[in-house]
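I opened the model to look up a few things and wrote them down as I went. The notes start with confidence and then turn to single residues.

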Amino acid sequence: MASDKMVVNESSDLLETIIVISAGLVSAFIMGGSYTDGILVVEWMEYFHQGSGVTAWLGTAIVGICFCGAPVASLLVKRFGFRKVFIIASTINASALAVTSFTYNIYLAMALRVLAGFGLTFHFCALGPYLLYRFSNQAALVQGLRTASISLGILTFPFIINYCLKQYGWRGCCLIIGGIASQQCALGLLFRHWSNKPLPEHEENQEALLEQNNGDNNKRFRDLHQLDLFKRKTFVACAIHCFIINGGLSIIYVHIVSGTRVLLEISPEQARFTLSAIGLSTLFARIVVSFMAKHPRIDTFTLYIILNILLAIQVGVIPFMKGYTAALAVSASIGFLMSGFGCLFVLILLEQFGREYLYMSFAYSHSLGGLGYLLGAPVAGWIYDTTGNYAVSFYCCAGLLILSVLILIPDWIVHIKKLMKTDRTKDHKETIISANYIASLQSLA
């Protein structure tokens, strides 16, 4: 019997390891590739003969729509299971990416990118909470490994895109990217259904509520969708923060290639590898930041605030730098500081609202974040079209990042006060225990 239990445990450990690796590969294939669309935006501007503001929609459509559809993805996964939704959505995503290579109209290309974004949202937005539920004891580490895989994609895809552009042009490049994305369909078979790893008790109660016919329909709807989150000022602040910061990140990912080429006076090929520098730094930074978040003496919320402030400062100094070395250095530092949002934001949601509300708080906040990502780069592109100066666009980006931090400051102050109160209570209890110990020694004497 003991040997049978050992075999079962080893098999379970192996399966869960494979699940984490598969989730990392999916993140690298899809999100890593989607975040490097800024390279193709430069090619599309020359081909479609449109301004930076209009063409930037092609660079933000996939990631933006992916996040906007997070609540719908969450409900579909709860209803039909993660595996089924994952495979169907993966097919849609890969097909839309491949068909983009046959388009001759920019608006048709936008429609296909939007479709690819819808395909992406139904599995990626559910993947983060899925892993946190399965590996709740190692939440920070698993989240760091998964987001580090995104960095691996951001690191490698500029090389792949650069090679494909030289050999096959942007059409062949889109077709190859669609083929790479199709590999996620096979990886989806490795993910277990939700029922094999049940959700927390509250989630099971939600499904039971749907089966009750004698209850209040409005109450069941509120309980399922957890709309009471919007009554909490802390969550509203987090959602607005997610909207604003994603607008800033959209500007970075889409315009850093063309922006550094103009402002830092480097060649187009050198500018493409600024995204690789971001990917390389975030690849290590997200693991480091995740381990830092696990340290008992480091407050996650405070670390998150500091990283975002430094990110805003770094983006604001881009126009004052020159040369390829400076471009790589500033991109690497931006990549390191951006890891705060990629690793820590979901952990802050977990700390502030608990596992009971993690899934829908993640979905709602990232839905607004997707809208911010959709709008950020096009607005910055229109600013460039109007002023003819990318410096103004990066200044606006830095301003958005600072504003996103200011939104969270009141909640951060409340959080710090709670920590201080907890520490004082702990010290008081330790003092009482010490006094009782001394009093017992004195009585014995």
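**Ground rules.** I number residues from 1 along each chain as its sequence is written, and I keep in mind that this is a predicted model, where local features need pLDDT of at least 70, side-chain atom pairs count only at pLDDT 80 or more, and totals for chains, interfaces and linings use all residues. Side-chain values use heavy atoms, with hydrogens and water left out.

**Confidence.** I looked up pLDDT, the predictor's confidence in each residue, from 0 to 100. The protein averages 77, and 78% of the residues score at least 70. Helices here are DSSP runs of H or I with at least four residues, numbered from the N terminus. Confidence is highest in helix 14 (residues 300–316), at a mean of 91, and lowest in helix 9 (residues 201–211), at 42.

**Helix 5.** Other buried residues of helix 5 include F82, V85, F86 and A89. Leaving aside neighbours within four places in sequence, L97 is in contact with I62, R113, A116, C174, I177, G178 and A181. I picked I177 from that list: L97 and I177 are 80 residues apart in sequence, yet 7.0 Å apart in space, C-alpha to C-alpha. I also checked the length of helix 5: its 18 residues should span 26 Å at 1.5 Å a residue, and the end C-alpha atoms are 26 Å apart, which agrees. The expected span is 1.5 Å times one less than the number of residues.

**Helix 13.** I found S281 in helix 13 (residues 274–294). S281 counts as buried, because its relative accessibility is 15%. Not counting residues up to four places away in sequence, S281 touches S331, A332, G335 and F336.

**V317.** Where does V317 lie? I found V317 in the loop between helix 14 and helix 15 (324–387). V317 has 31% relative accessibility, so I noted it as partly exposed.

Methods:
Helices (H or I, at least four residues) and strands (E, at least two) are DSSP runs, numbered from the N terminus. Buried means under 20% relative accessible area, exposed over 50%, partly exposed in between (1.4 Å probe, protein chains only). Contact means heavy atoms within 4.5 Å.
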